[in-house]
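Here are a few friendly notes to read with the model open beside you. Take the points in order and find each element as you go.

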Amino acid sequence: MDKSVIKFSHCGKDIFCFFVPEECPECGMGFSGRRLEEAPISIPNPFTNGHKTPCAFLIAPAEENTLREYDGGSDLHTGITDTNGIAYNYTKSGVRRDCEGWEHCISIRLVQPDMYNLINQWDQYLEKFSSAQMWDPLWKSFNEENHNCYSYTLMFINCVLAMQSKRALSKDEFTQTFILPRIKRAAKYTMLCQEITHNHFYIVDSPKRDSQKEQDDEDKDEKSKS
Ligand SMILES: [Zn+2]
């Protein structure tokens with residue numbers, strides 16, 4: 001999974017692969033000595049090692065969660081890292097402090113590197129927040145609907161926002177802005193890697209194809225007129 005996905009376009013297709021091939025897998029034209037229509041671009045890998053991303057919000061896809069216990073039916077698990085990359089996350093047994101298991105996840109930094117005051121207080125703040133009675137399973141039990149890993153991370157993020165005099169995020173905004181776009185990107189990337197691993201290429205119609213087709217049709221019209 002450490003290979004990076006690249007994309008190039010040829011004969012109206014977008015072709016995703018790990019290496020630009022000698023010839024176009026669609027039309028068979030050799031590329032040696034020829035220029036591609038556009039330079040291949042690399043697709044950013046949405047996954048990072050959460051333990052190497054301090055002061056961040058982490059989202060881990062379920063299938064990657066072999067070391068961690070799961071939140072029942074939830075597909076995803078979320079957490080917050082301290083300044084040393086320890087992943088704090090809320091589960092049925094309370095708040096866990098994981099030193100491993102978040103090596104392949106989506107990480108979103110919550111502070112800018114120049115926010116020294118916040119960074120200096122971060123670990124103490126996260127520890128205090130996590131030790132609150134609210135996350136003690138004897139006091140309040142985990143609930144898939146409204147007292148889960150999301151509630152924990154969202155509430156912490158809102159505390160951090162409040163410290164910066166920023167407005168709190170609603171559960172809906174949190175899902176729509178923090179979670180879904182990144183999950184979609186990660187799911188697409190995972191799909192691309194699987195397709196390329198099995199078939200060497202993943203080929204789709206290029207979005208430009210329609211305008212090219214229109215151009216071709218216009219050319220035909222020109223010809224038929226003459
Ligand atoms: Zn081609």
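This is a predicted model: local features need pLDDT of at least 70, side-chain atom pairs count only at pLDDT 80 or more; totals for chains, interfaces and linings use all residues.

1. Now look at strands β1 (residues 6-10) and β2 (residues 13-17), which run antiparallel and are joined by five bridges.

2. Next, step back to the whole sheet. It is open, has four strands in the order β3-β1-β2-β9, and its pairing is antiparallel. Because β3 (41-42) and β9 (202-205) stand at the edges with a single partner strand each, one side of each has no neighbour in the sheet.

3. What lies across β2 and β9? That is helix α3 (residues 171-199), which runs at about 115° to β9.

4. Turn to the largest nonpolar core, which has 28 residues; the members touching the most others are F57, L58, Y88 and C105. At least two core residues come from each of β4 (56-61), β6 (87-91), α1 (116-130), α2 (149-163) and α3. The biggest contribution is that of α2, with six residues.

5. L58 is worth a visit of its own. Leaving aside residues up to four places away in sequence, its contacts include G50, T78, A87, W102 and C105.

6. Finally, a word on annotation. An unreviewed UniProt entry places the feature "domain: MKRN2 opposite strand protein-like N-terminal" at residues 3-28. In the model, residues 3-28 are 0% helix and 38% strand, and the end C-alpha atoms of this span lie 24 Å apart.

Conventions. Residues are numbered from 1 along each chain as its sequence is written. Two strands pair if DSSP finds at least two bridges between them. Two residues are in contact if their C-beta atoms, placed from the backbone, lie within 7 Å. Axes are lines fitted to C-alpha atoms, for helices over the stretch in contact, and angles run from 0 to 180 degrees between N-to-C directions. A nonpolar core is a set of buried Ala, Val, Leu, Ile, Met, Phe, Trp, Tyr and Cys residues joined through C-beta atoms within 7 Å. A residue is buried if 20 or more other C-beta atoms lie within 10 Å of its own, exposed if 12 or fewer, and partly exposed in between; C-beta atoms are placed from the backbone. UniProt positions are given in the numbering used here, feature names are shortened, and annotations may be inferred rather than shown by experiment.
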